[in-house]
Amino acid sequence: MIHRRNLLGAGALGLAGAAAAFANPEKAADLAAPSIARNRRRFNMVTTWPKGLPGLGEAAERVAQRIQQMSDGLMEVKVYAAGELVPPFECFDAVSNGSADMYHGAEYYWTAKSSAYPFFTAVPFGMTAQEIMGWIDFGGGQKLWDELSAQFGIKSIQAANTGHQMGGWFRKEINTLDDLVGLKMRIPGQGGDVLRALGGSSVALPGGEIYQSLQTGAIDATEWVGPWNDYYLGFYREAPYYYGPGFHEPGASLAVGMNLRVWEGLTQGEQAIIKAACESVNHSSLGEFTYQNAIHLDLLKREHGVQMRSYPDEVVSRMAEAAWDVRAASGRDGIEKRIYESFEASLKLMRGWADVSEGPYYAARNSNK
């Protein structure tokens, strides 16, 4: 684990410096400055994202940059893309066991650790981006998240949000429920559970392995994020039908997870810097994804002839039914039950506001195109 203190400039004056300061008092202030011992902390961050990926990969880099900027360079974070230090799906264990200081990824990748983790990324027919921010920041979600992650020696913080995602890329059209039977799709978290309930099979793949799997026919379809990220990974070349909206991820929250012992070894000021950096990226990313998705959706349709599709009503209805069952099954007892109950209560509360605010507004705006 890269986590160390270097005392810089301690005793930098020495005897010669002290003599010079005494002989030349007007320069004493300049000479004294380097003699102040300063604590410099260095961390490594492993990520689940391919190197150089816009949006997701950039979010991790921005967290690192803002930590360094806010600390005036006294805190440095080295970011490693998926596979550079550890495989993408081993980031959690690397941070948990202390071989890495922090990760940036999607919490639903850790479902095998706890069935409650997907609630802190996205669940089918769950919270939008602003709703999950509301629950975690103001509805008790962060306290429950802290309790869950502490079991694995990790402190978790929101650190980006993609906004609403797309349903995915398909080789063939989905016209009936029968078209989902036997379908092999890359779709993680509870979205994969919903697909299995409808007769398909879900495959967990990191971003860097998806295109080849589509190309070879190992999978028939994939979801990833939205037009911005999907454009750069080139899925349109292998699967021409682009389905939406993404009922499985209506507002996907990404996270920084930090080794808990490292976190607890920080000063309150250092912790505040990391929290502020993550919060800054969390909020700015939503606007960026919204704008860039609009640009790249236009490029996909205009330059690459991507065919936009919507799921048939019977498919949406059956997905919704399965989603309620999947969510309930993930919270049967213990901390998982308390997270599930808190999430559902907050979702119900905020849905009441959405029903009289954004829902009617979008309907009215669309009626005047």
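In this predicted model, helix H12 (residues 313-329) has 17 residues. From its first C-alpha to its last, H12 reaches 25 Å. That is close to the 24 Å expected at 1.5 Å a residue. The buried residues of H12 are Val315, Met319, Ala320, Ala322, Ala323, Val326 and Arg327. Helix H7 (189-197) and H13 are included in what covers them.

Helix H6 spans residues 141-150. Its buried residues are Gly141, Gln142, Leu144, Trp145, Leu148 and Ser149. These residues lie on the same side of H6, because they cover an arc of only 160° around the axis. They pack against two helices, H5 (129-138) and H13 (334-354). They also pack against two strands, E5 (154-161) and E11 (253-259).

Attention now turns to the nonpolar cores. In soluble globular proteins, nonpolar side chains tend to be buried together. Here, the largest nonpolar core has 80 residues. Trp135, Trp224, Ile274 and Ile339 touch the most other members. Helix H11 (residues 268-304) supplies the largest share of this core, eight residues.

Trp224 belongs to the largest core. Its neighbours within four places in sequence are left aside here. Beyond them, Trp224 is in contact with Trp49, Leu53, Leu56, Tyr109, Gln165 and Arg186, among others. Its contacts also include Gly207, Ile210, Asn229, Asp230, Leu233 and Phe235.

Terms used
Residues numbered from 1 in each chain as written. Predicted model: local features only at pLDDT ≥ 70, side-chain atom pairs only at ≥ 80, totals over all residues. Heavy atoms only, no water. Buried < 20%, exposed > 50% of the residue type's maximum accessible area, 1.4 Å probe, protein only. Helix = DSSP H or I, 4+ residues; strand = E, 2+ residues; numbered from the N terminus. Arc of directions from axis to C-beta. Contact = heavy atoms within 4.5 Å. Core = buried A, V, L, I, M, F, W, Y, C linked by side-chain atoms within 4.5 Å. Expected span 1.5 Å × (residues − 1).
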